[in-house]
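I opened this entry to keep a record of what I looked up in the model, element by element. The notes follow the order in which I went through it.

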Amino acid sequence: MAKKTEATVEDKLRELYNLQLIDSRVDEIRNVRGELPLEVQDLEDEVEGLKTRMSKLDAHTEELSQKVKDKKNLIEESKTLIAKYSEQQKNVRNNREFNSLSKEIEFQELEIELAEKHIREFKAQIEQQKEVVDKSKERLADRTDHLKHKKSELTEILEETQKEENALLKMSEDHAASIEPRLIKAYTRIRTNVKNGLAVVPIERGASGGSYFTIPPQVQVEIASRKKIITDEHSGRILVDAALAQEQVEEMEKVFAKL
């Protein structure tokens with residue numbers, strides 16, 4: 001049985017840089033989408049909030065309208081009682097009964113005045129509520145239209161990029177599975193800790209790509225020899241020589257073009 005050939009350091013570097021190119025491509029796609037998903041979520045929350053607010057305003061307006069009806073009914077009841085007491089005054093036998101009925105009439109008249117005052121207050125509140133509702137309706141229409149536009153924009157971008165992203169994620173998983181665990185662990189840790197997600201970078205004009213700290217000439221020679229995996233002492237990134245990087249970029253661009 002043939003013995004499996006162990007991957008050379010150069011092979012490992014190429015695979016790591018390929019993985020970086022794939023993951024960077026995914027990052028680019030997600031950057032294109034940018035904040036759109038969050039914008040859509042915020043707009044959805046705002047629209048839902050406006051709908052809830054309008055529902056509460058409608059309920060409160062209905063409550064005020066009912067209170068107006070109740071007060072109008074109370075006024076009619078008081079008027080009926082006033083007419084009743086006034087009629088009874090015509091048949092009283094003494095001043096005490098007359099005065100007692102007069103007090104009842106006066107009380108009902110005060111009830112009418114108070115009810116009319118409340119009706120005016122309730123109607124004023126209803127008018128204020130209507131102004132708020134009208135403004136909320138305008139805001140809701142504007143936000144709903146904006147949400148529709150943003151959803152359409154997001155859907156279009158997702159349709160354009162989702163297929164490619166899914167393919168790249170599968171490719172990333174496959175590449176990661178072919179690299180020894182300790183290197184993947186280091187790659188993932190570095191990629192997580194740096195802002196631009198670059199864990200494997202080439203030497204550019206004598207400096208580490210992504211951090212731009214100068215690499216000593218002797219270290220550059222070691223990197224170019226591809227005999228050991230070397231990291232940038234400043235950023236911790238894994239370093240590859242420019243020639244290897246260019247070769248892998250050209251190779252991966254052909255792969256990406258088929259997606």
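I count two residues as in contact when heavy atoms of theirs lie within 4.5 Å. The model is a predicted one, and I read every entry below with that in mind.

**Entry 1: Val240.** I began with the contacts of Val240, setting aside neighbours within four places in sequence. Val240 touches Leu13 and Tyr17, then Val200, Val201, Pro202 and Ile203, and also Ile223 and Ala245.

**Entry 2: the core.** Which residues of the largest nonpolar core touch the most other members? I found Leu16, Tyr17, Val200 and Val240, out of 24 residues in that core. I then listed the elements that give two or more residues to this core: helix H1 (9–33), helix H3 (95–177), helix H4 (181–193), strand S4 (238–240) and helix H6 (242–257). H1 supplies the largest share, eight residues. Why does this core lie between domain 1 and domain 2? Both domain 1 (27–178) and domain 2 (180–258) give residues to it, so I place the core between them.

**Entry 3: the domains.** I noted the division of the protein into domain 1 (27–178) and domain 2 (180–258). Their C-alpha centres are 59 Å apart. For contacts between the two, I have five residues of domain 1 against seven residues of domain 2.

**Entry 4: the sheet.** I traced an open sheet of four strands in the order S2-S1-S4-S3, and its pairing is mixed. Which strands are at the edges? They are strand S2 (207–208) and strand S3 (230–231), each of which pairs on one side only. Strand S1 (residues 200–204) pairs with S2 in the antiparallel sense, over two bridges. S1 also pairs with S4, here in the parallel sense and over three bridges.

I then went through bridge partners one at a time. On the S4 side, I found Val201 opposite Leu239. S1 and S2 make a hairpin with two residues between them, and Arg205 in that turn has a positive phi of about 55 degrees.

I also checked how covered S1 is. Four of its five residues are buried, and I recorded the strand as mostly covered. H1 lies across S1 and S4, and it runs at about 105 degrees to S4.

**Entry 5: Ile203.** Beyond its neighbours within four places in sequence, Ile203 is in contact with Ile215, Gln220, Ile223, Leu239, Val240 and Ala242. I also looked up its separation from Leu147: 56 residues along the chain and 45 Å between C-alpha atoms.

**Entry 6: Arg14.** Arg14 belongs to helix H1. At a relative accessible area of 17%, Arg14 is buried. Which residues is Arg14 in contact with, leaving aside neighbours within four places in sequence? I have Arg226, Leu244, Glu247 and Gln248.

**Entry 7: Lys150.** I moved on to helix H3, where Lys150 has its place. Lys150 is buried, with 13% relative accessible area. Its side chain makes a polar contact with the side chain of Glu39, at 3.3 Å. With neighbours within four places in sequence left aside, the contacts of Lys150 are Leu36, Glu39, Val40 and Leu43.

**Entry 8: Ile119.** Ile119 is also in helix H3. I recorded Ile119 as buried, at 8% relative accessibility. Where sequence neighbours within four places are left out, Ile119 is in contact with Val68, Lys71, Lys72 and Ile75. From Ile119 to Met54 I have 65 residues in sequence and 23 Å in space, C-alpha to C-alpha.

Technical notes
Residues numbered from 1 in each chain as written. Predicted model: local features only at pLDDT ≥ 70, side-chain atom pairs only at ≥ 80, totals over all residues. Heavy atoms only, no water. Core = buried A, V, L, I, M, F, W, Y, C linked by side-chain atoms within 4.5 Å. Buried < 20%, exposed > 50% of the residue type's maximum accessible area, 1.4 Å probe, protein only. Domains from an automatic or database assignment. Pairing = 2+ DSSP bridges. Axes fitted to C-alpha atoms, helices over the stretch in contact; angles between N-to-C directions. Polar contact = N/O pair within 3.5 Å; in protein donor to acceptor, adjacent residues only side chain to side chain.
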